[in-house]
Amino acid sequence: MPHVDVTSSVVDLLTRADQALTRTVDSLADDAYAEPSLLPRWTRSHVIAHLALNAEGLERVVRSIGAGTPEAMYESDQARDDDIEVLAHAEPSEVRDRLLAATTCLSRALENSHNIDADARFERTPGGVLCPVSDVAVLRLREVEIHHADLGVDYSPADWSTEFAVMLLDAMTARPHPVPFVAVATDVDGRWHCGAGAGASDVGGGGTTVVNGSAAAIGWWLTGRGDGSALTCESGALPRIDS
């Protein structure tokens, strides 16, 4: 029976991402928590609360599967949203402490996950789509890196490692898009085919529209963030994407 293999590269990336996020959160003045983030209708406190609760949910998944009593990540989508709203309005010190505690607990759970069956699956919400537990570290890495930039402080996609930017592109271009196009990274050797039949990165085929930019800038845009001003498109306007 294969067991969960949290590769050292992903662990290292997540450790560095957690450390960078912690430094940013610790540097925020209390009154900065109520200021708007880059996400519509969410303050910085909402973003940090979400990151804390996401880590708690993923830690619960790993721990419960290891104990043989699998639990869903969230009770429901509504419960997730309600919990974020409640924590976001708590004192900044409480939000900060919840993030640090949850990050530490998830890190420990991942360190002890080597005996978990790699074929194990978990539900985001009861009755929802099943996800492989082996994806937990990668899922958390995406949450930390993207939402760290969402805080709108002194961290942006330009601070992402090349490894993470490529991982994000691989994930985002696997999604459907209204019109096929090819994303060409100017800082790494790769072309990503987006749209019908898209998926893994390769060097041929795809749509006739070509979008150029750094891997991080393309990945940020594919999440539905920013205006794409750091990108160029050979056919003029950037293609429409479904964020």
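User: Which residues does Leu222 touch, not counting residues up to four places away in sequence?

Analyst: This is a predicted model, so every value here is computed from predicted coordinates. In it, Leu222 touches Leu169, Met172, Thr173, His177, Phe181 and Ile241, once residues up to four places away in sequence are left out. Leu222 also belongs to the residues with the most contacts inside the largest nonpolar core, together with Ile48, Phe122, Val133, Val136 and Trp160.

User: How many residues does that largest nonpolar core have, and which helix gives the largest share of this core?

Analyst: The general idea is that in soluble globular proteins, nonpolar side chains tend to be buried together. In this structure the largest nonpolar core has 70 residues, and its largest share, eleven residues, comes from helix α2, residues 44-66.

User: Is Ala55 buried or exposed, and what does Ala55 touch?

Analyst: Ala55 is found in helix α2, and with a relative accessible area of 0% it is buried, because the cut-off for that word is under 20%. Leaving aside residues up to four places away in sequence, Ala55 touches Ala102, Thr103, Leu106 and Arg140. As for Trp160, Ala55 and that residue are 105 residues apart in sequence and 20 Å apart in space, taken from C-alpha to C-alpha.

User: At what angle do α2 and helix α3 pack, and which residues meet?

Analyst: Two packed helices are described by the angle between their axes and the distance between the axes. Here α2 and α3, the latter covering residues 77-88, pack at an angle of about 125°, with their axes 8 Å apart, which means that α2 is oblique to α3. The crossing of α2 past α3 is right-handed. On the α2 side the residues that meet α3 are Ser45, His46, Ala49, His50, Ala52 and Leu53, and on the α3 side they are Arg80, Asp83, Ile84, Glu85, Leu87 and Ala88.

User: How do I read helix α4 and helix α5, whose axes cross as well?

Analyst: You can read them with the two quantities just used. Helix α4, residues 92-111, and helix α5, residues 136-150, have axes that come within 11 Å and cross at roughly 155°, so α4 is roughly antiparallel to α5. In this case α4 passes α5 in a left-handed crossing. Leu99, Thr103, Leu106 and Leu110 in α4 meet Val136, Ala137 and Arg140 in α5; among them, Thr103, Leu106 and Arg140 are also touched by Ala55.

User: In what order do the four strands of the open sheet stand, and which strands stand at the edges?

Analyst: Strands of a sheet pair through backbone hydrogen bonds, either parallel or antiparallel. In this structure four strands form an open sheet in the order β4-β3-β5-β6, and the pairing is mixed. The edges are held by β4 and β6 (232-233), each of which has a single partner strand, so one side of each is left without a neighbour in the sheet.

User: In which sense does β3 pair with β4, and in which sense with β5?

Analyst: Strand β3, residues 181-185, pairs with β4, residues 191-194, in the antiparallel sense over four bridges, and a hairpin of five residues joins β3 to β4. With β5, residues 209-213, strand β3 pairs in the parallel sense over five bridges. Helix α7, residues 215-222, lies across β3 and β5 and runs at about 145° to β3.

User: Where do His177 and Pro176 lie, and is each of them buried or exposed?

Analyst: His177 lies in the loop between α6 (162-172) and β3, and Pro176 lies in that loop too. His177 counts as buried at 7% relative accessibility, whereas Pro176 is exposed, with a relative accessible area of 63%. Beyond residues up to four places away in sequence, His177 touches Met172, Cys194, Gly195, Leu222, Ile241 and Asp242. Cys194 can also be located from Pro176: these two are 18 residues apart in sequence and 7.1 Å apart in space, C-alpha to C-alpha.

User: What is phi of Arg41, and where is its place?

Analyst: Phi of Arg41 is near 70°, a positive value in a residue other than glycine. Its place is in the loop between α1 (8-27) and α2, and Arg41 is exposed, with a relative accessible area of 77%.

Key. Residues numbered from 1 in each chain as written. Predicted model: local features only at pLDDT ≥ 70, side-chain atom pairs only at ≥ 80, totals over all residues. Heavy atoms only, no water. Core = buried A, V, L, I, M, F, W, Y, C linked by side-chain atoms within 4.5 Å. Buried < 20%, exposed > 50% of the residue type's maximum accessible area, 1.4 Å probe, protein only. Helix = DSSP H or I, 4+ residues; strand = E, 2+ residues; numbered from the N terminus. Contact = heavy atoms within 4.5 Å. Pairing = 2+ DSSP bridges. Axes fitted to C-alpha atoms, helices over the stretch in contact; angles between N-to-C directions. Parallel < 35°, antiparallel > 145°, perpendicular 65-115°, else oblique. Left-handed = near helix turned anticlockwise from the far one by under 90°.
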